[in-house]
Amino acid sequence: MNIRQIRENFGRARTSFQRNEMVRALNCFVAGLREVGGSAPPTDIRGDIRDTLQLLIRDEQVRALLPGGQCAYAPGQEKELLALFAGIHDQIKEAAETEDRETALARKIKLDQAYNAGKKFLEQGRASEADASFVEAVRAYRDEHRLFYMIAGLLVDAGEVVRAGPYLKKGLEVLPGDPGLMELLEKARVLRQAMKAR
């Protein structure tokens with residue numbers, strides 16, 4: 001039993017819960033319980049299990065999947081808790097990954113409308129409104145990775161290199177080393193230097 005690893009997993013579970021990252025929180029909790037195995041955990045680890053469990057069962061999705069909507073921990077129940085929460089993790093993860101057709105269509109329409117509004121604002125020289133629209137488009141983003149390239153390209157072409165920065169950064173996070181994004185990044189750097197030279 002690796003006590004340090006167990007405590008880290010439960011700590012990560014609590015941190016992820018606070019960030020509203022339920023799938024990760026559940027994954028860390030399950031990993032901690034797996035590490036405990038069938039052995040009787042020390043008292044401080046029991047406290048970690050209890051504290052983490054109390055946080056997790058605050059979540060509506062978790063409560064909905066619990067028998068009777070409740071769950072309590074008593075020493076010796078680690079294996080049962082592991083089985084229960086491994087199943088809950090899998091169900092919540094699957095639900096999070098499943099996007100029905102109508103939801104996907106509505107989300108993509110919202111993304112397109114926000115992007116087009118931002119483009120129009122930019123053509124009118126209204127950079128702040130354009131940026132606000134682009135932020136809305138990104139909120140509707142799920143896996144349309146080229147969105148960051150498209151927004152950054154519009155902003156760089158409009159001379160809004162500072163506003164383009166976050167979109168380039170995020171784009172390179174999801175598409176590392178992408179040639180188009182790297183080219184835009186260089187173009188933005190050159191434009192920024194030219195502006196400073198004025």
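This is a predicted model: local features need pLDDT of at least 70, side-chain atom pairs count only at pLDDT 80 or more; totals for chains, interfaces and linings use all residues.
Residues are numbered from 1 along each chain as its sequence is written, and side-chain values use heavy atoms, with hydrogens and water left out.

Let's start with a helix pair. Two packed helices are described by the angle between their axes and the distance between the axes. Helices here are DSSP runs of H or I with at least four residues, numbered from the N terminus. Axes are lines fitted to C-alpha atoms over the stretch in contact, and angles run from 0 to 180 degrees between N-to-C directions. Helix α3 (residues 43-56) packs with helix α5 (residues 78-97) at about 30 degrees, with the axes 13 Å apart. On the α3 side, the contact (heavy atoms within 4.5 Å) is made by Ile49, Leu53 and Leu56, and on the α5 side by Glu78, Leu81 and Phe85. By class, that's five nonpolar residues, no polar ones and one charged.

Of its 28 residues, Phe29, Ile49, Val62, Leu81 and Phe85 touch the most other members. Helices α1 (3-18), α2 (22-36), α3 and α5 each give two or more residues to this core, and α2 has the largest share, with eight. Leaving aside neighbours within four places in sequence, Phe29 is in contact with Phe10, Ala13, Ile49, Thr52, Leu53, Leu56, Leu81 and Phe85. Apart from this core lies another, of 24 residues, among them Ala140, Val161, Leu172 and Ala188.

Back in α3, take a look at Asp48. Its relative accessibility is 6%, so Asp48 counts as buried (under 20% relative accessible area, with a 1.4 Å probe and protein chains only). Beyond four places in sequence, Asp48 is in contact with Arg7, Phe10 and Arg14.

Now for the second pair. Helix α8 (residues 146-157) and helix α9 (residues 161-174) pack at about 160 degrees, with their axes 8 Å apart. That makes α8 roughly antiparallel to α9. From α8, the contact takes in Phe148, Ile151, Ala152, Leu155 and Val156; the α9 residues include Val161, Tyr167 and Leu168.

Technical notes:
Ala, Val, Leu, Ile, Met, Phe, Trp, Tyr, Cys and Pro count as nonpolar, Asp, Glu, Lys and Arg as charged, and the others, Gly among them, as polar. A nonpolar core is a set of buried Ala, Val, Leu, Ile, Met, Phe, Trp, Tyr and Cys residues joined through side-chain atoms within 4.5 Å. Buried means under 20% relative accessible area, exposed over 50%, partly exposed in between (1.4 Å probe, protein chains only). Angles under 35 degrees count as roughly parallel, over 145 as roughly antiparallel, 65 to 115 as roughly perpendicular and the rest as oblique.
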